[in-house]
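Hi,

Here is the structure for you to look over. My notes follow below it.

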Amino acid sequence: MGAMAKVPGDAQLPPQSRPDNGNTSRDLIRCLSLSAWLLALLASHAWPARWDIVPSLSVGETYTDNLSLTPDASKRSDWVTQVTPGISIAATGARLRFNASYAPEVTYYARGQKDDQVYQRLNATGNAELAKQLLFVDAGASVDQYNVSLQGPLTTSNVNTTGNRTTVGTVFASPYLRHNVGSDVQAEARFTYSVVNSDDQSSLLNSVADRINLQLASGPAYKLLTWGLAYRKENIDYESGQDTDIEVITLNARRLITPTVGLLAQGGYEYYKSGVIAPTEGPSWSAGLDWAPTPRTRFAATAGQRFFGDAYTFDFRHSTRLTTWSAGYNQNVTTTRSEFLIPATTSTAGYLDTLFSSRFPDPVARQKAVDEFIARTGLPPSLSAPINVFSTQLFLEKRWNASAGILGARNVLIANVFGLTSDGLAGDLVLPTAPNTSIQTGTSLLWNWRMTARNAWNLAGSYSRNESPNTGQIDNLTYVGMGLTRQFQPRLSGSLNYRRQQNDSNFSASDYTENAVLATLQMRF
C-alpha cells in the first residue's frame, strides 16, 4: 500500500507506473489483442459450446485520508472516483473451455488530475482438444497491477498512488500431445511459449521464454508400483538483459504397502544458469510416504538432499461437506516472471470452489454458483499472501502455508497463515543477503455473514511481517476492513466499506496509517 516514503541505504524505490494517454491506449490495444488472440486460438474449430456473456458496470467513490500511504507529516487526503465497465465470457463444450473477464478501472482524483488513470485488468484462460485424445492446447493472458518492492508501501487498491505499483501483462500458449500405450504407459510432450511484460523496466525486464516438458508415467495397469519420468528444459530471454537456462530431470516411484499407505522415492538432476554467473547444479533425491485414507483426505511428506542441502516437502489436504483444510511446505528454485504465470492459490473463489464441491459436482455449475455468491455477498477477491518481489535473478524459495474454510447456513469463514523466504543464488551458493532476498510471514481472516436474503456483512483482518535482509528494513503491516453489501435487484447491488491499514517500520520514513471509506454500485446486464 504505498507512497513516496524514503527508502534507506542504497535501495531505490522504483517509480510508480503512471502511463500517459499514449501508453494507456497502447495497454488497451494490448489487452484487447491478447484476449482476441486467445479467443481466436481456442475457437478456431467450430465445436458446439455454450457461451455465456455478461456485461457489467461498477461505479465507486472512495475517501482516503492518506492517498499515497506516507508518514503523517506528509500525508494528504482525496476523493477518488472509479468507473469500471466490464465483460465476462465463458464457453463450455465437450472439447472447449474458455473463461475471460476484462474490467478496466477508470480512476479520477478530485484534487490531482495528474494522477487520473486507466488501469487495464484482464484475466483469460482456456483449453481445447484439437485432435481427439491426442492434440490439446492450453492458453492464457492476464494484465493486472502489482506491488514491486517490500521496501515501499504495499496496497491492493489502485486508488493509492504509492509509487510502488506497476502493471504486468502475461500471455502463454501451450500445445501438447498426449498418448496412452495400452494400459501400461502414459506419454505427454508439451511446448510452452510465454511472454511477461512489465511497465517497470528498472525492476523487471520484459521477457519471453520457451519451455519443453516431456513426461512418461505408468498407466492404470500398474497398481502396487507406479512410476513417472519427467524432463523440463526452459530458456528465459530478458530484453536487454541476461538469459536464464533451466534443465531438470526427475524419476519418481510410489509403492503401496497397504491400500492407503504408499512409500515415495525420487531422484534426479537439476541445472540452473543466469547470465555469466557460474551455473547452479547438482543431483537430488528424496524419500517419504503418503497416506490417503479417503478420497477427501491426503497426507504426504518427503525428505532428501538437493544442491543447497537438506530438502523437505509436506502436503496435507482434507475436506468435508462443509469444511476444507490444507497445510504444506515446499522448496523451489524459481523466478519472478514464473510466479506471475502460476494461478493464485489464495483466491476467495478457490476456497469457495472446494466448499461448494459437494453441492455442485459439475465444475461449470459450481463456477457459476461461486461467481454469483461473490457478487451477491461482496467478498474480497483474495486473502493476504506473500508479495512477488520484482527481480530478474533466480532465487531459492522456501514456502509454507496453512488454510481453513468453513461453510455454514449463513456464514462463511476463511483463514490462512503463510511464510515465504526467498534467497538469491550465485553458482552453488545461497545468498541470504542478496538484493532479491526477503522474509515474509503473515495471517489473514475473512468472515461473511448473510444477514438476510439481500444483505451481507463482511469482516476482514490481516497481519504481515516483511523483512529485507540486504537493507535491514522490517515492516509490520496490519489491515482491518468491514462492509455491508445490499442486493437491491437481481442484477443491481451496492456496498459500503471501511478499511484501516497501518505500517510500523524500524525505518520511521516508512511508517504510515490510512483510513478510507468506499461506496460502490454494481450492475450486471
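**What turned up**

T161 is buried, at a relative accessible area of 7%. Please keep in mind that this is a predicted model. T161 sits in the loop that runs between strand 7 (135-147) and strand 8 (165-181). Its side chain makes a polar contact of 2.8 Å with the side chain of S68.

Next, the nonpolar cores. The largest one has 14 residues. Within it, L352, F356, F373 and V412 have the most contacts. Helix 3 (348-355), helix 4 (363-377) and strand 19 (411-426) each contribute at least two residues to this core. Another core lies apart from it, with 11 residues, including A100, Y102, A141 and V195. Back to F356: beyond its neighbours within four places in sequence, F356 touches R366, A369, V370, F373 and L407.

Then the charged pairs. The count is 20 salt bridges. One of them joins K75 and D72, with the closest N and O atoms 3.9 Å apart. K75 is partly exposed, at 32% relative accessibility. D72 is exposed at 52%, because the cut-off for exposed is over 50%.

D290 and R298 also pair through their side chains, at 3.9 Å from N to O. Here D290 is buried, at 4% relative accessibility. R298 is partly exposed, with a relative accessible area of 35%. The side chains of D315 and R317 form a salt bridge too, at 3.4 Å from N to O. These pairs belong to a network of salt bridges that links R254, D290, R298, D315 and R317.

Best wishes

Methods: Residues numbered from 1 in each chain as written. Predicted model: local features only at pLDDT ≥ 70, side-chain atom pairs only at ≥ 80, totals over all residues. Heavy atoms only, no water. Helix = DSSP H or I, 4+ residues; strand = E, 2+ residues; numbered from the N terminus. Buried < 20%, exposed > 50% of the residue type's maximum accessible area, 1.4 Å probe, protein only. Polar contact = N/O pair within 3.5 Å; in protein donor to acceptor, adjacent residues only side chain to side chain. Core = buried A, V, L, I, M, F, W, Y, C linked by side-chain atoms within 4.5 Å. Contact = heavy atoms within 4.5 Å. Salt bridge = Lys/Arg side-chain N within 4 Å of Asp/Glu carboxyl O.
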